[in-house]
Amino acid sequence: MKVFLVYEDNENSDLHKTLKITTLPKSWKTGPASKVLGCFVESYNDNERHASNPLDQEQMHLAIREDGAESSSGSDESSHPLIPIASDAITIETIPDRANVYILHGPSKTTEEMAAEKQEALEKDRAEKANTLACQHFGCKNRFPKGGPYPECSYHKSPPVFHETAKFWSCCPNKKAYDWEEFQAIPGCCSGVCTEVKESEQKQFLGGCDLREDAAGGAQLKSIDDFNKAQESGSDAAPVLERLRNVLAEIGVENELYDQVVEGIKKEMEGDDTLLDAVSTELGKKLKASMKNIAAEQLRIK
C-alpha cells in the first residue's frame with residue numbers, strides 16, 4: 001500500500017511538504033490512522049527547513065478528498081471537499097491505495113466524536129426543515145418560514161433534463177453539466193421572489209422521451225408513466241414497475257429501453273383482465289431468466 005502525505009496548510013510554500021510512503025507497514029495498515037499522522041509529523045519536524053513551523057501532532061489531523069478523488073496523478077481536485085479522518089479509524093479501511101492524504105491544522109477527532117457531530121447536524125437539519133419550506137421554483141435552494149417572509153431568489157423557469165450522462169435545465173440547453181455539483185452550480189436564468197406554491201401540472205424533470213417529443217412537434221409518446229396512469233389505481237403493480245424503472249436507470253439501463261420492453265410485454269398481454277399485474281409478473285420472469293443465464297455463464301468461465 002502506497003500513500004502520499006501532503007502538508008500545504010500554510011501560506012508559505014517553503015514550509016510545504018509531501019512525504020511518499022511506498023510501503024506502509026502491516027501494523028500501520030490495520031492500526032489507527034494516528035500512526036500515519038505521527039510518522040509525518042516526526043519527518044516534518046526533523047527537517048531544519050521547518051524549524052520555524054514545528055508541528056504538534058495533538059493539534060493536527062488527516063483528511064482525504066471526497067469520493068476517492070485524491071490521487072497522485074496531478075488531476076484537478078479542487079472541486080472535491082476534504083473529509084477529515086478519525087484518529088482511531090483503521091488505516092486500510094479509510095485510506096485508499098495511492099491516495100493523497102492531507103495534513104491539516106486542528107485537533108483530530110475520534111470516530112465516536114465525529115459520529116456525534118454528524119448526528120447533531122442531522123437533527124439541526126431536520127429541525128430547520130420542520131419549521132421552514134423549500135422554494136418551489138426550479139433550481140432555487142432557499143428555505144423560508146411557513147407563510148413567509150419570502151426571500152428573493154434566482155431560479156430556472158423550466159424543469160431540468162437528465163439524459164444519459166448530461167444534466168441541464170431545459171430553459172438553458174446550452175449549459176450542460178456531467179456531474180451533480182457542476183449541474184447545481186449552473187446559475188438561474190430568472191429572478192424573483194420565492195414561492196411555496198407548486199405547479200401541479202408541470203413535470204419536475206425531463207428525459208430522453210420528452211426531448212424527442214419536443215423535436216417531433218409535441219406528438220405524444222408512450223412511456224411507462226402514461227402506461228401506469230392509464231391503469232386502474234387499485235393495482236399494486238404500477239408503483240413496483242415505476243420503482244424498478246428508476247432503480248434500473250441508476251445502474252445505467254436507460255428509461256427509453258425499459259419503456260420499450262414494458263410496452264412490448266403489454267402488447268403480448270393484451271386481453272388480460274389484470275394487464276398491469278400480468279406485465280409485472282412477466283417482466284419478473286424475463287429478468288430472472290436473464291440473471292440465470294449470466295450466472296450459468298459465470299460458472300462456465302470459472
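Contact here means heavy atoms within 4.5 Å. The model is a predicted one, in which local features need pLDDT of at least 70 and side-chain atom pairs count only at pLDDT 80 or more, while totals for chains, interfaces and linings use all residues. Residues are numbered from 1 along each chain as its sequence is written, and side-chain values use heavy atoms, with hydrogens and water left out.

Now for the wider view. The protein has 10 helices and 11 strands; these are DSSP runs numbered from the N terminus, helices being H or I with at least four residues and strands E with at least two. Of its 302 residues, 32% are buried, that is, under 20% relative accessible area with a 1.4 Å probe and protein chains only. Among contacts with a separation of 6 or more, 53% join residues 24 or more positions apart.

Back to Phe40: it is one of the residues that touch the most other members in the largest nonpolar core, along with Leu5, Leu62, Ile85, Ile95 and Ile103, and this core has 26 residues. Such a core is a set of buried Ala, Val, Leu, Ile, Met, Phe, Trp, Tyr and Cys residues joined through side-chain atoms within 4.5 Å. At least two of its residues come from each of strand S1 (3-7), strand S2 (17-21), H2, S3 and strand S5 (99-105). H2 gives the largest share, six residues. Apart from this core lies another, of eight residues, including Leu248, Ile265, Leu276 and Leu283.

Let us return to H2 and follow the chain onward. Asn53 sits in the loop between H2 and S3. Asn53 counts as buried because its relative accessibility is 13%. Its contacts, not counting residues up to four places away in sequence, are Tyr7, Asn10, Leu15 and Tyr44.

Our last stop is the lining of the largest cavity, formed by Ala33, Ser34, Leu37, His61, Leu62, Ile85, Ala86, Ser87 and Ser108. A cavity is a set of points on a 1 Å grid over the protein atoms alone where a 1.4 Å probe fits but cannot get out, and lining residues have an atom within 4 Å of a point. Helix H2 (34-45) and strand S3 (60-65) each supply at least two residues of this lining.

Definitions and conventions: On a 1 Å grid over the protein atoms alone, a cavity is a set of points where a 1.4 Å probe fits but cannot get out, and a pocket is an open set with protein on both sides within 12 Å along at least five of seven lines; lining residues have an atom within 4 Å of a point. Buried means under 20% relative accessible area, exposed over 50%, partly exposed in between (1.4 Å probe, protein chains only).
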